[in-house]
Amino acid sequence: MSVSTPTETTNISARQHWLAVIANAPYEQLLQHWQQFELDPPCEVIRQPEIGLARIQGRIGGAGERFNFADTTITRAAVRLEDGTTGYGYLQGRHKRHALLGAIADALLQQPEYNLRLQAGLIQPLAELIQRQQRQISDQAAATKVDFFTVVRGEDE
């Protein structure tokens, strides 16, 4: 059995991209796009989906000292395909099925025989959906933007 690592089969930035898309996509949309492939690969669940906390850190001014900003819930899962490829699913929130499906998708996206199909039919449409949603939120925020300015006048004598 040959064990492939993510760096052997794919570019790290490409993997970061698809993991982010899977984590940020609405579960219903992820499931809808996933079901069209009719994939149910045999895999070992090496980390059952579990919910935990992650500490969010910030920096003053974006570059200052780190400080603990808040905690958020996360859900994670991990699977191993028959050939040894490991997939991980991490997302913000409490959705075990989403994390498990993300782990399976991550593992298959590392496989050359599935990558192109899943990129075209799963990752790209979901990335476009996320972009549309973000654009809509930005447009709504821009529509309510108020520009304030102050005019400094000299004293009337």
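Partly exposed means a relative accessible area between the buried limit, under 20%, and the exposed limit, over 50%. The views below come from a predicted model.

View 1. Strand β1 covers residues 43-59, and strand β2 covers residues 66-81. The two strands run antiparallel and are joined by 14 bridges. C43 stands opposite L81 of β2. Six residues lie between the strands of this hairpin. In the turn, G61 has a positive phi of about 70°.

View 2. I56 belongs to strand β1. Its relative accessible area is 34%, so I56 counts as partly exposed. F67 is also partly exposed, because its relative accessibility is 34%. F69 reaches 58% and therefore counts as exposed.

**View 3. The F67 and F69 rings.** One aromatic pair is found in a search of the whole structure. F67 and F69 form this pair, with ring centres 6.4 Å apart.

**View 4. W18 in helix α2.** Helix α2 spans residues 12-24 and holds W18. W18 has a relative accessible area of 0%, so this residue is buried. The C-alpha atoms of W18 and A105 are separated by 9.1 Å. Along the chain, W18 and A105 are 87 residues apart.

Conventions
Residues are numbered from 1 along each chain as its sequence is written. This is a predicted model: local features need pLDDT of at least 70, side-chain atom pairs count only at pLDDT 80 or more; totals for chains, interfaces and linings use all residues. Side-chain values use heavy atoms; hydrogens and water are left out. Two strands pair if DSSP finds at least two bridges between them. Helices (H or I, at least four residues) and strands (E, at least two) are DSSP runs, numbered from the N terminus. Buried means under 20% relative accessible area, exposed over 50%, partly exposed in between (1.4 Å probe, protein chains only). Rings of Phe, Tyr and Trp (its six-membered ring) pair if their centres lie within 6.5 Å; planes under 30 degrees apart count as stacked, over 60 as edge-to-face and the rest as tilted.
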